[in-house]
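Morning, everyone. Please have a look at the next structure with me.

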Amino acid sequence: MDCVFCRIARGEIPARTVFQDEHLIAFDDIHPAAPVHVLIVPRKHISSLAGASEEDVLLLGRMLLAARDVARARGIEDKGYRVVANTGEHGGQEVFHCHLHVLGGMPLGRILPPR
Ligand code: 5GP
Ligand code: ZN
């Protein structure tokens with residue numbers, strides 16, 4: 001399939017891999033928005049969170065735990081980090097292969113309205 005994240009998962013496009021197993025690959029974002037910016041990508045092609053279904057429950061859980069493990073491996077667990085799933089047009093999604101962003105290494109500010 002001509003999907004950039006499927007191609008990275010197959011090793012056809014190089015990426016700086018942080019972690020991989022039979023279910024997932026985690027690699028540095030090519031345009032980092034923070035000192036740590038890692039993408040958690042399932043090997044299965046799911047277009048977005050909106051395209052996920054009941055059969056993906058375990059995979060989605062693995063993605064969240066992989067985000068935690070990546071944060072730990074990159075030394076940002078203690079200070080904290082943000083996990084983001086841009087979804088659809090208003091969510092700002094550019095690559096339509098479901099993924100999580102793990103962002104950290106600096107204070108990120110609030111994205112919800114200030115209290
Ligand atoms: P989103 O779809 O959630 O908006 O973000 C897609 C992310 O994938 C962007 O942050 C972009 O920089 C990253 N990205 C797009 N193409 C590549 C690529 O070929 N390699 C890597 N490492 N990251 C990519
Ligand atoms: Zn894909």
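I will cover the zinc site, then an aromatic pair.

Some ground rules. This is a predicted model, where local features need pLDDT of at least 70, side-chain atom pairs count only at pLDDT 80 or more, and totals for chains, interfaces and linings use all residues. Residues are numbered from 1 along each chain as its sequence is written, chains are lettered from A and ligands numbered from 1 in the order written, and side-chain values use heavy atoms, with hydrogens and water left out.

Zinc ion (ligand 2) now. Its protein donors are Cys3 (SG), Cys6 (SG), His45 (ND1) and His97 (ND1), at 2.0 to 2.3 Å. Donors are N, O and S atoms within 2.8 Å of the metal (3.2 Å for Na, K and Ca); water is not among the atoms, so sites may look incomplete. The site is tetrahedral, with angles of 103 to 119° among the 4 donor atoms.

Buried means under 20% relative accessible area, with a 1.4 Å probe and protein chains only.

On to the rings. The whole structure holds 1 aromatic pair. Phe5 and Phe27 have ring centres 5.6 Å apart and planes at 75°, so the pair is edge-to-face. The cut-offs: centres within 6.5 Å, planes over 60 degrees apart. Phe5 is buried at 7% relative accessibility. Phe27 is buried at 2%.

Conventions:
Four donors count as tetrahedral if all angles lie between 85 and 135 degrees; four count as square planar and six as octahedral if opposite donors are over 155 degrees apart and all others between 65 and 115; anything else is irregular. Rings of Phe, Tyr and Trp (its six-membered ring) pair if their centres lie within 6.5 Å; planes under 30 degrees apart count as stacked, over 60 as edge-to-face and the rest as tilted. Buried means under 20% relative accessible area, exposed over 50%, partly exposed in between (1.4 Å probe, protein chains only).
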